[in-house]
Amino acid sequence: MARSENHRGLRFVLIFAGILLAAFGVLLTSPAQYLDARLSLALVKIAHGVLATCGSHATRDAAILRAPNGFAVEMRDGCNGSNVTILLWSAILAFPARWRMKAIGLVAGSLIIQALNIVRFISLFYLGQYSLTWFDFAHTYLWESMLVLDTMVIFWLWVNRAVRLDAAARAAV
Amino acid sequence: MPPPVPRFKPTTRFLISGSALLIGILALWWVALRGPMLDLLRDAAGVFLQVKENPSGEWTVRAPLEKLLPPTAQRPVAREIHFVNFEMPRSDATRFIFSLPVYWAIILASPGAKRKLRSLLIGTAVMAALEVALLLAFVDLTAYDAISRIQGDPGFQWGRRLGLYMVPNVLPYVLPFGVALSLHRQLREQVLQFAKETNVQAFCAGLPADRINRGPLAKVRRGRS
């Protein structure tokens, strides 16, 4: 049984690494970069909408959110959660489960990550107005690590469900 | 009588304690450990290449690289290159030292007290080695990229771009989680559940079909369809 576990573990790691590398490779191509920029724009629009609803006077210029005091923050490159989304997709696709479960995990997981990313963006927008040093800390290190941790927990929850359903269904056939 | 302590699911417990530990340990690292850890990284990297710190705090890195640049229309004489010098802002170098506190936070949030200490000690050594390796890989990739730009060589440009993106922007964030899952068996078993899956299958395989089609297993089956 331990051998079977090791085999499954190794298979998972290899497929995960392969998909991760291929997906980041695709992300760096021009068409994907264009879509990436569109995603950033859409997320900033949503964040601006949330802030406006809460009574903020922040203004938006493309993917830049500007405070009345002049502080501005732009969403670009990895700031739109694309890196952690790729991480989650690679893990879900590499895990042995039914395709329907994988599809549910990919869609639901991506939506949760993007919701968290909007919270992150808004919190950074306010933190930056308070201290640029702590903005740098939260932007580059804390929030990025928290998002990877959240991604791991989303994957973990998905595995709980996928394993339970898959094993019972396979055994019952 | 004190109120009963709420019992959380392992995922909830890991999320709450992991987030709290990440905030605490990373804040401590940012305030107190960043400087000494950068010095240690510079000294460790100094074993393999020349690294000098400028008064402004920036690093000047000399990457050894033997290369013969063939003559071109703009430069008729061939040129031998032995090393590449480049400036590295302190903030870029900092990206290669924050994986360690992230690793500590993950392990401390993981279940099991005994395995924690073992994983903490072995993992710290592994993460420290990986951080130095990532910095060296980044320096190498940057040096090769600079030479290729001088040569005007577009060959393998995509691979270089991928490497220069992955090494500072993806791997420092992913590796602490990967190392934690590799070294901490209990965490790995809880997250990936390969053992559980095998056990459930073995258990179900030994049951007659009518037992599987009744009770909780049938409920699970019905939920799927």
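Mentor: Helices (H or I, at least four residues) and strands (E, at least two) are DSSP runs, numbered from the N terminus. This is a predicted model, where local features need pLDDT of at least 70, side-chain atom pairs count only at pLDDT 80 or more, and totals for chains, interfaces and linings use all residues. Residues are numbered from 1 along each chain as its sequence is written, while chains are lettered from A and ligands numbered from 1 in the order in which they are written.

Trainee: What pattern does chain B follow along the sequence?

Mentor: Chain B reads α-β-β-β-α-α-α-α-α-α-α-α-α. That comes to ten helices and three strands.

Trainee: And which pattern does chain A follow?

Mentor: Chain A reads α-α-β-β-β-α-α-α. It has five helices and three strands.

Trainee: Why is B:Val31 called exposed?

Mentor: A residue is exposed if 12 or fewer other C-beta atoms, placed from the backbone, lie within 10 Å of its own; 20 or more make it buried, and in between it is partly exposed. B:Val31 has 10 within 10 Å, so B:Val31 is exposed. Its place is in helix α1 (residues 10-45) of chain B.

Trainee: What share of each chain is buried?

Mentor: In chain A, buried residues make up 34% of 173 residues. In chain B, they make up 30% of 225.

Trainee: What makes two residues a contact?

Mentor: Their C-beta atoms, placed from the backbone, lie within 7 Å. Among chain B contacts between residues at least 6 apart in sequence, 68% join residues at least 24 apart. For chain A, among contacts between residues at least 6 apart in sequence, that share is 67%.
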